[in-house]
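Please look over the model shown here before reading the explanation. The paragraphs are meant to be read alongside it.

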Amino acid sequence: MGTTSGAVRLDSSGAQFYNRRNGLTDTSVNDLLRDAEGSIWMATDGQVIFRFSGTQFTGLDESFGLPSAQVMAIAYNGADSLFIGTYDAGLFLYKDRRVSPIFFPSNPVPPVTSLCYNSYSGLWIGTRGRGLWNYDNGIFKQYVTPERDFLSNYVNILYVDTFNRLWIGFTNGVMVLEEGIFKIAD
């Protein structure tokens, strides 16, 4: 679990807190994910991305081509790449130990607040003020209010469940995308 000053790992033996003392950071951990090898990746606010192998932390920073330390969200494509969403520099792809920009079709590029990847529909991107975006096969599509009757254009969190429904969290409620239709969750 990410916290405002590191991360907590829960298992059957209890809770283990990770911060600067054991190789992580004392800043906010905004997002976490597990890759195919079992490593945990952590997006942090101001300290870029950390990878925890189970024994040690390594960092993904400017030396890999990442231009911003304000990483708000990360998503794994299930195969070989990480998507990285930043608050102030846009969207990036980490593949083959290199970070490359994904050019967002919006100027200025909105702050990315959440990412969620689904092999069925591609990358979903939540933004602050510019609604929800989908990035699939190199094509962006934007979903905003009032065209979609969204609760807001400020997306806080995204989640795809086991039924391939996309859950969209806003500050004022939740919506779900199911079989191509956006609905308010009751």
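The structure is a predicted model, in which local features need pLDDT of at least 70 and side-chain atom pairs count only at pLDDT 80 or more, while totals for chains, interfaces and linings use all residues. Residues are numbered from 1 along each chain as its sequence is written, and side-chain values use heavy atoms, with hydrogens and water left out.

The protein contains 0 helices and 19 strands. In this account helices (H or I, at least four residues) and strands (E, at least two) are DSSP runs, numbered from the N terminus. The radius of gyration, taken over C-alpha atoms, is 16 Å, close to the 16 Å that the globule rule gives for 186 residues, so the protein is as compact as a globular protein of that length. The globule rule itself is 2.2 Å times the number of residues to the power 0.38. Along the principal axes, the C-alpha trace spans about 50 × 35 × 30 Å. Of the 186 residues, 45% are buried; buried means under 20% relative accessible area, exposed means over 50%, and partly exposed lies in between, with a 1.4 Å probe and protein chains only. Among contacts with a separation of 6 or more, 33% come from residues 24 or more positions apart, where contact means heavy atoms within 4.5 Å.

The strands may now be followed in sheets. Strands of a sheet pair through backbone hydrogen bonds, either parallel or antiparallel. Here two strands are said to pair if DSSP finds at least two bridges between them. An open sheet of 3 strands has the order 1-2-3, and its pairing is antiparallel. Its edge strands are strand 1 (2-3) and strand 3 (14-18), each of which pairs on one side only. Strand 1 is joined to strand 2 (residues 6-11) by 2 bridges, and Gly2 stands opposite Ala7 in strand 2.

Attention now turns to the pockets. On a 1 Å grid over the protein atoms alone, a pocket is an open set of points, where a 1.4 Å probe fits, with protein on both sides within 12 Å along at least five of seven lines; lining residues have an atom within 4 Å of a point. Grid points are joined across faces, edges and corners, and a volume is the space filled by probe spheres set on the points. The largest pocket has a volume of about 400 Å³. It is lined by 20 residues, of which the closest to its centre are Asp31, Ile74, Leu115, Cys116 and Leu158. Strand 4 (29-34), strand 8 (71-76), strand 12 (112-118) and strand 16 (155-160) are the elements that give two or more residues to this lining. The lining divides into 14 nonpolar, 4 polar and 2 charged residues. For this division, Ala, Val, Leu, Ile, Met, Phe, Trp, Tyr, Cys and Pro count as nonpolar, Asp, Glu, Lys and Arg as charged, and the others, Gly among them, as polar.

The second largest pocket holds about 300 Å³ of space. Of its 19 lining residues, the closest to its centre are Asp35, Glu37, Trp41, Arg51 and Tyr94. This lining divides into 9 nonpolar, 3 polar and 7 charged residues.

Single residues complete the picture. Thr44, in strand 5 (residues 40-44), counts as buried because its relative accessibility is 0%. Leaving out residues up to four places away in sequence, the residues that Thr44 touches include Val29, Phe50 and Val71. Asn156 lies in strand 16 and is partly exposed, with a relative accessible area of 37%. Beyond its neighbours within four places in sequence, Asn156 is in contact with Thr113, Ser114, Gly169, Phe170 and Thr171.
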